[in-house]
Amino acid sequence: MQRPWRFSWWWVVGGAVIALAGAAAIARQSLEQQRALFETDARIVHRLLSQQVVQHDAILATLALLQPAPAAPNSSSPEQRLPALYPRILSVQRSDASTPWPDPGLAEAERLSRQSGRAALAPLDLSGGRYRLVLASEPASYALTIDLQALVPWVEWPMSPETSAVRVELVHAGQRHLVQRGRLQAGAGSRFEFHKVVAAESQPFDVVATQTVGWRQWPWARMLAWTLAVAALMAAMRHLQRQRVARRRAEELLRLGQVARLNTLGELAAGMAHELNQPLTAVLANTQAAQRLLDDDPPELATARGAMAQAAAQARRAAEVVGRLRRAVERPDSGGQHQVVDAVEAVRRALYLLEPECKRRGVAPLLEGLPALGIMADPVALDQIVHNLILNALQALEQVPASQRRLTLTLRTVDGTVGGQGELAVADSGPGIPPDVLPRLFEPFFSTREGGLGLGLSLCETLASGMGGSLSAANNTTGGAVFRLRLPLAGDAA
């Protein structure tokens, strides 16, 4: 049987494991939800920026296809009206045989555009917040200067740029342009990242989105609520388990009490029969003697002789009644009920049942000796003996201060005259047994406790003898009393 005082540790450990596992699951679910929201926003950002940059290729292709004639002096060319339609286009430049590019970078971009057959980027300066895109065509080539910050369609943007924790950047060739600052935290618990190139080969900018989830963003409220719920559930289960244990303990104590009352009744009836037999026998002998004397008297005493004869008959009848009562209440031979019993488990069962009594008196029983001890005994009788011995020891310990109360139970094997025996020694640190009481300790109806019947130890000795064992008492040399119960070992009895 598991020791009851160890249950609380299992409940604490089990509750902690369940609480931690649930809190971890809640945290993971929250992080997955935040990651899913982050990736959704990042994909929307990528789609919006891709739509914007693809328009630049379309604008350049339209200009190359239409090839408007040069405008008259002091008048603006049609393409110069594009910035009014597209605010992100800062300027439109045109180059032909009569007007070469003023910037060598644009000339190099035109050369690359002719090789690839599509628009090409001029040398970048993303930190400046703008870039140039050139498309080579005949008879003229065109270049757009684009504002990166104006490129962002804020009206359709899925996040608030002022409060969002997501950082968005455009990256190309080792250069970066910060689109949305975000709030990245150093040493954060989790980090989400998104990388994808915009859908325009001429402008292969990598959209990089980053978000960090700090410890403050963890779902502490839900995790705490889960932990409290687990604690409440474990407390309720522990309370129910304690009630079940208390009920089982009460049922076991009731069973032992019923057995004890029946055995005590048997002892009482047997003692009464023993005590009444002697006076009844004396009454019978006296009446028979009187009858013989009356036989020598004058015949006038015939009536007296008849009366004495009736007294003798009634005395015999009373003796027979008492004899029948004794035979009825005497326990039958229980030798056939003997079986192999582990004495250590019997002691643990008794300690379990008497745990409230031990706690009430501030006593912590110490179990020493063999981890298992097989003996031949009646399990119920053994439980009753051990229960009575421990309870007597606890009652004796009430007479000494709480700091001096010690209860030690030792199990070992000893060599007997017939065979090996198992011994249970119940030693207490109480006041001990007075020398004048020790010889009469196991007598029926002898008790030193006020209100006691004096049948407990007598019954225990009778039960031990009926199982082929013995029960003895002595005073410890270090103080207190020790009771030794010896029963045949299982191997020797077999």
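These are my notebook entries on what I looked up in this predicted model.

**Ground rules.** I number residues from 1 along each chain as its sequence is written, and I work with side-chain values from heavy atoms, leaving out hydrogens and water.

**Whole chain.** I found eleven helices and 15 strands, taken as DSSP runs numbered from the N terminus (helices H or I, at least four residues; strands E, at least two). Of the 494 residues, 40% count as buried, where buried means under 20% relative accessible area, exposed over 50% and partly exposed in between (1.4 Å probe, protein chains only). Among the contacts with a separation of 6 or more, 68% come from residues 24 or more positions apart, contact being heavy atoms within 4.5 Å.

**Arg88.** I located Arg88 in the loop between helix H2 (82-85) and strand E1 (89-95). Arg88 is buried yet has no salt bridge, and the nearest side chain of opposite charge, Glu156, is 9.3 Å away; here Lys and Arg count as positive and Asp and Glu as negative, with His and the chain ends not counted, and a salt bridge is a side-chain nitrogen of Lys or Arg within 4 Å of a carboxyl oxygen of Asp or Glu. Its neighbours, not counting residues up to four places away in sequence, include His56, Thr145, Asp147 and Leu151.

**Gln93.** In strand E1 I looked up Gln93, which is partly exposed with a relative accessible area of 25%. Gln93 and Ala143 are 50 residues apart in sequence, but their C-alpha atoms are 5.0 Å apart in space.

**Aromatic pairs.** My search of the whole structure gave three aromatic pairs, the criterion being rings of Phe, Tyr and Trp (its six-membered ring) with centres within 6.5 Å, and planes under 30 degrees apart counting as stacked, over 60 as edge-to-face and the rest as tilted. Phe38 and Phe192 form a tilted pair, 5.9 Å centre to centre with 40 degrees between the planes. This pair links distant parts of the chain, with Phe38 in helix H1 (residues 7-66) and Phe192 in strand E7 (residues 190-197), 154 residues apart. Phe38 is buried at 2% relative accessibility, and Phe192 is buried at 1%. Tyr131 lies in strand E3 (residues 130-135) and Phe205 in the loop between E7 and strand E8 (206-213), 74 residues apart.

**Salt bridges.** I counted 16 salt bridges in the structure. Arg412 and Glu423 meet in one of them at 2.8 Å, N to O. Arg412 lies in strand E12 (residues 407-415) and Glu423 in strand E13 (residues 420-428), so the pair ties together parts eleven residues apart in sequence. Glu423 also forms a salt bridge with Arg484, the closest N and O atoms being 3.2 Å apart. Arg484 belongs to strand E15 (residues 481-488), so this pair ties together parts that are 61 residues apart in sequence. Glu423 is buried at 1% relative accessibility, whereas Arg412 is partly exposed at 35% and Arg484 is partly exposed at 29%. Finally, I noted a network of salt bridges that links Glu357, Arg360, Arg361 and Glu398.

Conventions:
This is a predicted model: local features need pLDDT of at least 70, side-chain atom pairs count only at pLDDT 80 or more; totals for chains, interfaces and linings use all residues.
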